[in-house]
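Subject: Structure handover

Hello,

Here is the structure I promised you.

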Amino acid sequence: MTSPETVKTIKVAYLGPPGTFSHQAAIQKFSKFSKNFKVEYIPQRTIGDCFNVIANNTDQINYSVLPFENSTNGSVVLSYDLFRDYFIKKRPNNDILKQKVRVVGEEFVTICHNLITNQKDLSKIKKIYTHPQVWTQCNKFLNGLNFEKIDTSSTSKAAELIKNTDQDDCAAIGSLISSQVHNVPILYNNIEDDSNNTTRFLILTNDNEVSNDDGISNEKFLNDYQLGNKFISLIVFNIENSKVGSLSKILTIFNKFKLNIATINSRPSNLAKWQYVFFFEIFSNSNVNSANNNANNIENNLEILKELKENCIDFEILGSFKRNEKYYQSAVNFKC
Ligand SMILES: O=C(O)C(=O)Cc1ccccc1
């Protein structure tokens with residue numbers, strides 16, 4: 001048996017305080033490791049901090065959880081912009097990325113919202129606090145109410161603020177757990193428009209390996225613990241926006257190599273006005289870390305990488321990870 005001193009620790013950062021949906025995603029992903037490891041969940045103040053602890057290798061954190069897209073209201077643009085600013089940036093010559101941020105997993109969480117308040121009469125509520133991503137997931141419930149919207153860094157932060165106010169006209173929107181953590185009751189539950197409302201979170205890591213002694217990379221470590229054989233690579237690139245056919249050329253390359261594109265998103269480049277960066281997710285059937293070095297994964301396919309790089313101004317692979325079939329298929333069964 002392993003003695004307590006030799007138990008390795010996995011440190012996981014998430015958007016705090018405890019009780020957020022990000023916290024739930026972290027627990028869903030990492031609780032299976034607690035048999036063999038000590039898993040520490042470390043709350044962060046903002047989504048930006050969740051990214052920066054990995055980018056700056058702060059506090060020996062191994063993984064971080066980032067909300068990425070929601071089935072009702074789409075992309076979490078802040079997360080896309082954090083990736084853009086890190087990967088596609090004008091840097092002085094030779095200033096390469098020091099601490100390589102990588103995306104190594106995904107987690108799906110069913111998002112059930114609750115109106116959390118000490119007030120018992122809905123008509124007396126004049127201020128509602130929540131994370132900005134939430135408003136348009138609860139349109140049906142909120143339409144017709146007359147209240148001031150107050151954005152908070154997270155849903156659980158909203159519940160914490162309600163607890164600490166002596167005003168009786170305030171409510172928060174958040175999870176059942178956040179109402180329990182802060183000990184504020186729920187006045188209405190399941191106020192989300194769509195009962196299948198699901199958020200997809202990405203798991204980030206850096207070179208701060210969990211299993212140094214074994215020489216196993218953080219991505220292999222996570223993937224070995226997950227069933228499934230479909231892989232996704234997330235890439236970001238920018239192209240000559242004003243050149244006719246420059247984006248269609250990229251699409252042709254994926255077609256030529258018979259690779260299916262799962263998602264396409266674009267964001268302002270921040271390098272020049274009306275210029276864009278593109279995020280693509282590409283399906284493959286193989287793991288970049290697999291022993292047979294299967295060329296089906298774009299990270300291993302030098303030919304496709306060469307063609308992509310030749311046709312982009314900047315091109316970066318953010319990471320490759322297993323499609324989380326379990327939660328992708330049936331997040332709703334893991335409901336509240
Ligand atoms: O605020 C939270 O609980 C988060 O984890 C961010 C978020 C907000 C709304 C839906 C999904 C994630």
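Strands S1 (residues 9-15) and S3 (63-70) run parallel and are joined by two bridges. Strands here are DSSP E runs of at least two residues, helices are H or I runs of at least four, and both are numbered from the N terminus. Two strands pair if DSSP finds at least two bridges between them. Opposite Val12 stands Tyr63 in S3.

Two notes on the source. This is a predicted model, where local features need pLDDT of at least 70, side-chain atom pairs count only at pLDDT 80 or more, and totals for chains, interfaces and linings use all residues. Residues are numbered from 1 along each chain as its sequence is written.

S3 has other partners. It pairs antiparallel with strand S11 (residues 198-205) over seven bridges. There, Leu66 has Leu202 as its bridge partner. S3 also pairs antiparallel with strand S4 (residues 74-75), over two bridges. Glu69 stands opposite Ser75 in S4. With three residues between them, S3 and S4 form a hairpin. Seven of the eight residues of S3 are buried, so the strand is largely enclosed by the rest of the structure. Buried means 20 or more other C-beta atoms within 10 Å of the residue's own; exposed means 12 or fewer, partly exposed is in between, and C-beta atoms are placed from the backbone.

Strand S12 (residues 231-238) also has seven of its eight residues buried, so it too is largely enclosed by the rest of the structure. S12 pairs antiparallel with S14 (residues 276-284) over eight bridges.

Now the whole chain. It holds ten helices and 15 strands. Of its 336 residues, 39% count as buried.

The largest nonpolar core has 56 residues, and Val12, Cys50, Val65, Leu66 and Val236 touch the most other members. Apart from it lies another core of 14 residues, among them Ile116, Val134, Cys138 and Ala172. A nonpolar core is a set of buried Ala, Val, Leu, Ile, Met, Phe, Trp, Tyr and Cys residues joined through C-beta atoms within 7 Å. In soluble globular proteins, nonpolar side chains tend to be buried together.

The domain assignment gives domain 1 (4-110 + 198-334) and domain 2 (114-188). Such bounds come from an automatic or database domain assignment. In domain 1, 15 residues are in contact with 14 residues of domain 2. Contact means C-beta atoms, placed from the backbone, within 7 Å. Helix H1 (21-30) and S3 each supply at least two residues of the domain 1 side that touches domain 2.

Last, the ligand. Which residues come nearest? Of the 14 around it, they are Thr20, Ser22, His131, Ser154 and Thr155. A residue is near a molecule if its C-beta atom, placed from the backbone, lies within 6 Å of it. H1, S3 and helix H5 (155-163) each give two or more residues to this shell. The shell draws at least three residues from each of domain 1 and domain 2. It divides into five nonpolar, nine polar and no charged residues. In that count, Ala, Val, Leu, Ile, Met, Phe, Trp, Tyr, Cys and Pro are nonpolar, Asp, Glu, Lys and Arg are charged, and the others, Gly among them, are polar.

Best wishes

Definitions and conventions. Two residues are in contact if their C-beta atoms, placed from the backbone, lie within 7 Å.
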